[in-house]
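We will go from stop to stop, selecting a few residues each time.

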Amino acid sequence: MAGFSKFINNLKSYGISKKDFEKERVSLSKKFNKPAEDNDVLWSIYNKIVSQSNNLRKLHGVYYEMALFLNKEGKDCTKISQQSQKMYLLSLKESGVVKGVEILADIGCKECKKLHGNKYTLDEALEKMPIPNPNCTHTFTKKGKPFCRCTYLSVTKSI
């Protein structure tokens, strides 16, 4: 699975070993009645992590990895990127310290540059979900799908 080994290696940070990966491959192969591909095994593991976790920071990271993975496969990753950002905002809200967020935009993208510096309360950001920017034009490759790299900066004072 050329190009996806980094994703498989990143599973270690979620407590998933190569042995766990192969165990999931065997399980999926039985389910599919044919050998499971690496990308199917990886996607299955991501979904298991998501379904078994209530740690918002962990979910933010897993959804981000999933979005990168979909983008690498040439698929639209907007919905999964939104989930990642939502988990991040919810984790900030859960902290009780952060009052709002400011957008740090990818200023190489004209559409994202328009969002740079915009400030939102956490509730506003969760309602509007301004990032990932649906109009982002950034791609990792010439033929790739857009992948918004904008992020939120925490604001601890009232907005």
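Start with a pair of residues in two strands. Select valine 101 and serine 154: valine 101 stands opposite serine 154, which is in strand S3. Strands here are DSSP runs of E with at least two residues, helices are runs of H or I with at least four, and both are numbered from the N terminus.

Before moving on, two notes on the model. This is a predicted model: local features need pLDDT of at least 70, side-chain atom pairs count only at pLDDT 80 or more, and totals for chains, interfaces and linings use all residues. Residues are numbered from 1 along each chain as its sequence is written, and side-chain values use heavy atoms, with hydrogens and water left out.

**Stop 1: the strands**

Now select residues 100-104, which are strand S1, and residues 151-155, which are strand S3. S1 and S3 pair in the antiparallel sense over 5 bridges. Two strands count as paired if DSSP finds at least two bridges between them. Which residue of S2 does glycine 100 face? Glycine 100 stands opposite threonine 121. Show side chains as you look. In a regular strand, side chains alternate between the two faces of the sheet.

**Stop 2: the whole chain**

Zoom out. The chain has 7 helices and 3 strands. Along the sequence, the pattern is α-α-α-α-α-β-α-β-α-β. The C-alpha atoms fill a box of roughly 55 × 40 × 20 Å, taken along the principal axes. Of the 159 residues in the chain, 42% are buried. Buried means under 20% relative accessible area, exposed means over 50%, and partly exposed is in between (1.4 Å probe, protein chains only).

**Stop 3: an aromatic cluster**

Select Phe7, Trp43, Tyr46 and Phe69, which form one aromatic cluster. The structure holds 6 aromatic pairs. Tryptophan 43 and phenylalanine 69 make a stacked pair, 5.9 Å centre to centre with 20 degrees between the planes. Tryptophan 43 is in helix H3 (residues 38-52) and phenylalanine 69 is in helix H4 (residues 56-72), so look for them 26 residues apart. Rings of Phe, Tyr and Trp (its six-membered ring) pair if their centres lie within 6.5 Å; planes under 30 degrees apart count as stacked, over 60 as edge-to-face and the rest as tilted.

Is phenylalanine 69 buried or exposed? Phenylalanine 69 is buried, at 1% relative accessible area. Tryptophan 43 is partly exposed, at 26%.

Now turn to tyrosine 46. Tyrosine 46 and phenylalanine 69 form an edge-to-face pair, 6.1 Å centre to centre with 70 degrees between the planes. Tyrosine 46 lies in helix H3 and phenylalanine 69 in helix H4, so this pair ties together parts 23 residues apart in sequence. Tyrosine 46 is buried, at 0%.

Lysine 6 lies over the face of phenylalanine 7, 5.2 Å from the ring centre. A charge sits over a ring if NZ of Lys or CZ of Arg is within 6 Å of the ring centre and within 35 degrees of the ring normal.

**Stop 4: serine 84**

Select serine 84 in helix H5 (residues 78-95). Serine 84 is buried, at 1% relative accessibility. What does serine 84 touch? Leaving out residues up to four places away in sequence, serine 84 touches His60, Tyr63 and Tyr64. Contact means heavy atoms within 4.5 Å.

**Stop 5: salt bridges**

Side chains of opposite charge can pair when their charged atoms come close. The whole structure has 7 salt bridges. Each is a side-chain nitrogen of Lys or Arg within 4 Å of a carboxyl oxygen of Asp or Glu.

Select arginine 25 and aspartate 38. Their closest N and O atoms are 2.3 Å apart. Arginine 25 is in helix H2 (residues 18-32) and aspartate 38 is in helix H3, 13 residues apart. Arginine 25 is buried at 19%, and aspartate 38 is buried at 18%.

Finish with lysine 114 and glutamate 111, a salt bridge of 3.3 Å between the closest N and O atoms. Lysine 114 is exposed, at 58%, whereas glutamate 111 is partly exposed, at 27%.
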